[in-house]
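Let's take a walk through a protein model together. Have the sequence and the 3D view ready, and follow along.

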Number of protein chains: 2
Amino acid sequence: MTAAVSPLAPAGFPEIEPIRGVRLATIEAGIRYKGRPDVMLAEIAPGASLAGVFTRSATRAAPVLWCERALAGLPSEPLDTGAAILANAGNANAFTGAAGTAATERLAEATANRLAIPAGRVFISSTGVIGEPLEDVLIRERLDALATALAPGGFDAAAEAIRTTDTFAKGAETSVSLDGVSVRITGIAKGSGMIAPDMATMLVYLFTDAGVARPLLQDMLASANARTFNCITVDSDTSTSDTVLLAATGAAEMAPIVQPEDPRSALFADALEWVMRELAHLVVRDGEGASKFVEIRVTGAADDRSAHRIAKAVAESPLVKTALAGEDPNWGRIVMAVGKAGEPADRDRMTIRFGDILVAENGWVSPTYVEAEAAAYMRRAELVIAIDLGLGMGASTVWTCDLTAGYIAINADYRS
Amino acid sequence: MTAAVSPLAPAGFPEIEPIRGVRLATIEAGIRYKGRPDVMLAEIAPGASLAGVFTRSATRAAPVLWCERALAGLPSEPLDTGAAILANAGNANAFTGAAGTAATERLAEATANRLAIPAGRVFISSTGVIGEPLEDVLIRERLDALATALAPGGFDAAAEAIRTTDTFAKGAETSVSLDGVSVRITGIAKGSGMIAPDMATMLVYLFTDAGVARPLLQDMLASANARTFNCITVDSDTSTSDTVLLAATGAAEMAPIVQPEDPRSALFADALEWVMRELAHLVVRDGEGASKFVEIRVTGAADDRSAHRIAKAVAESPLVKTALAGEDPNWGRIVMAVGKAGEPADRDRMTIRFGDILVAENGWVSPTYVEAEAAAYMRRAELVIAIDLGLGMGASTVWTCDLTAGYIAINADYRS
């Protein structure tokens, strides 16, 4: 009933080179899954800058609260010690009360001791079942072996280790030349269900050997996040654990970028956003039960925020998403979803396009619209739905997938 | 795949007596459905007060815009002429541009001429396919026969005539004694969704022989609406056509209720709300693909608005709804949905109950919780999920259904 691997998956995991200043390791701790690695450790060398964004859920998990505090406690300067990221799959350590908080603290302290760094520089993520105690002892017992295995590269294994219901491991990288110095930006992500908007999303780890000062790095991350991970939605359900962490090791032979006016700043930010958008798309391509990858482009809205809310309303509408699954060019449901968004819209100024096909304009179906052409378009695996509201300059693009019987099967038939 | 009649349907349509001052008729116009009545006409005698609430969709249909204007144009006093409601099933006359507006106007004028009342006192509703021209001539040709057939009673036939993909006709009534005068409150509703991919639309018509002045009647309707129809959600998709109309004919032997301080006012408002809640529940019981009727009770929230947003977030979460379909006591997903609502919540002060079963408290699963007991409870057809936030006095109850493969089949497997 549900595909072993999403039909929207890329051909394979990309070839990703090591990032100077980053070492990785994975290990099998047997937290929930058996016979596969389920813990990832990333060690970041001294001299790095770190940035992060997290879920805004009011019921966010203990590791997220830990990471928020740890990030807030970092100095603006490059770190004079190393740092680390420890992530496990199979148990989210969410809604686990004081016991969950203690488990996170023990993991951070044990990792800090093993790597001889402060506990406040160990970032913890947990993803998986909500409400069950995390047997952190299983991880702590393997920490020495995990740390011993640390080595450059291995992003593919790291991406595999943090999978839960993901049907494929997700990675992306790019490089950019900054005043003749080539720096590399690499990321891995996990996420498939409980993927929702409005905030940072799932687990994403980004690494670069560029040198970027921490306040600027944080601004770049937050800004790109608003246009990438905050613009995807699989099922409108926001996780308790969403985490995006970015480590800039500064290992490249370059003076750190400190000011946004530095010409290298925009180049780096664009490359960072490219990697984040790639990863965001990969998460949608692995949406639970997904058979279509759909871009919702809203233009002509009153402002960008309004455009984003309308794009989200369309992307999250069960009636739109089931029509997409049924390959039905049901533009009436798009009109409905625009209307329910609670944002300015005028029936008579709106245009709707499926790809290049003009569907509706002047408050009604276009005279050039041929249903058979639209139906043929809808059979594609990748779709663009463009809505122009004709009101202003506001624009937003959101990526989503369809809602299929596979989603019901995954979520009604199994405990996640 | 989908039930001929919802498993949550009541045993049958209730016995409903005529309302003095209201005459009904139905007819087969063949707008979309063949071999069944698809148009309903209600004639309201002079002396009535009318109230209404409508969808706030920015893309609402031509008949809704017409009704809004008509209602705004009514005097505060009881009407010195009759009024009418004309509703058709099969075509929503939504997103049909200027042609749709003209069709609505022609219907109102033709009905007004036949009944010798002003066109501004004819309320029009259309429900069904979106974006296709309404062949209003089919209705206008039958108007004379329709008006000739007007007679007291016949709420069952009227409820049948406005069905689209509803699996059963919906009606409710009650009576209340006001200073020794028994008055009757009756309502019919349609709403569920679509078998062909059209717009789900809720139409509700309420009638009473009580005399209630129009401003007070409108306040009572809006207030009860906020706690009834605005508290149900099948799939979070707001129709372009939702309409609730209430006619108080004043035919009962009573002095009209004018002031909210009148002791009869609260009695009447309570009875009105009871009928509206019954009808709202019937719409949920006919939710597309529904196998569970679920009450989400939120208490202890910062305020009522906050409680309502949290209850809606839980009721509309695809992950919660699929867990309900799978009869999985997955309280972790409820925690997630509370967290994503964007409202104040504190993990450690929250309690969650399934029926009488205490599931979670103090930020974790309750020590008394036995999963097998919760699993047994979830197999019931009617469920109560109670969430107390432990923060304040805000409360809200929302009714919803589960999300099953039947919903996907209804909305993805058929072409418009």
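## Before we start

This is a predicted model, where local features need pLDDT of at least 70, side-chain atom pairs count only at pLDDT 80 or more, and totals for chains, interfaces and linings use all residues. Residues are numbered from 1 along each chain as its sequence is written, chains are lettered from A and ligands numbered from 1 in the order in which they are written, and side-chain values use heavy atoms, with hydrogens and water left out.

## Where the chains meet

Chain B brings 60 residues to the contact and chain A brings 58 residues (contact means heavy atoms within 4.5 Å). Together they bury about 4,800 Å², with 61% of that on carbon and sulfur atoms; buried area is the accessible area (1.4 Å probe) that two parts lose on being put together, summed over both.

There are 0 salt bridges between chain B and chain A. A salt bridge is a side-chain nitrogen of Lys or Arg within 4 Å of a carboxyl oxygen of Asp or Glu.

## One helix, one face

Now find helix 11 (residues 371-378) of chain A, whose buried residues are A:Ala374, A:Ala375, A:Tyr377 and A:Met378. Seen down the helix axis, they fall within an arc of 160 degrees, so they line one face of helix 11 of chain A. (The arc is that of the directions from the helix axis to the C-beta atoms. Buried means under 20% relative accessible area, exposed over 50%, and partly exposed in between, using a 1.4 Å probe and protein chains only. Helices, H or I with at least four residues, and strands, E with at least two, are DSSP runs numbered from the N terminus.)

## A hidden threonine

A:Thr111 sits in helix 2 (residues 97-115) of chain A, and at 0% relative accessibility it counts as buried. Leaving aside neighbours within four places in sequence, A:Thr111 is in contact with A:Leu41, A:Ala84, A:Leu86, A:Val122 and A:Leu143.

## Charged partners

Over all chains, the count comes to 44 salt bridges. In one of them, A:Glu382 pairs with A:Arg285, the closest N and O atoms being 2.9 Å apart. A:Glu382 is in strand 16 of chain A and A:Arg285 in helix 7 (residues 263-285) of chain A, so the pair ties together parts 97 residues apart in sequence. A:Glu382 is partly exposed at 43%, while A:Arg285 is buried at 17%.
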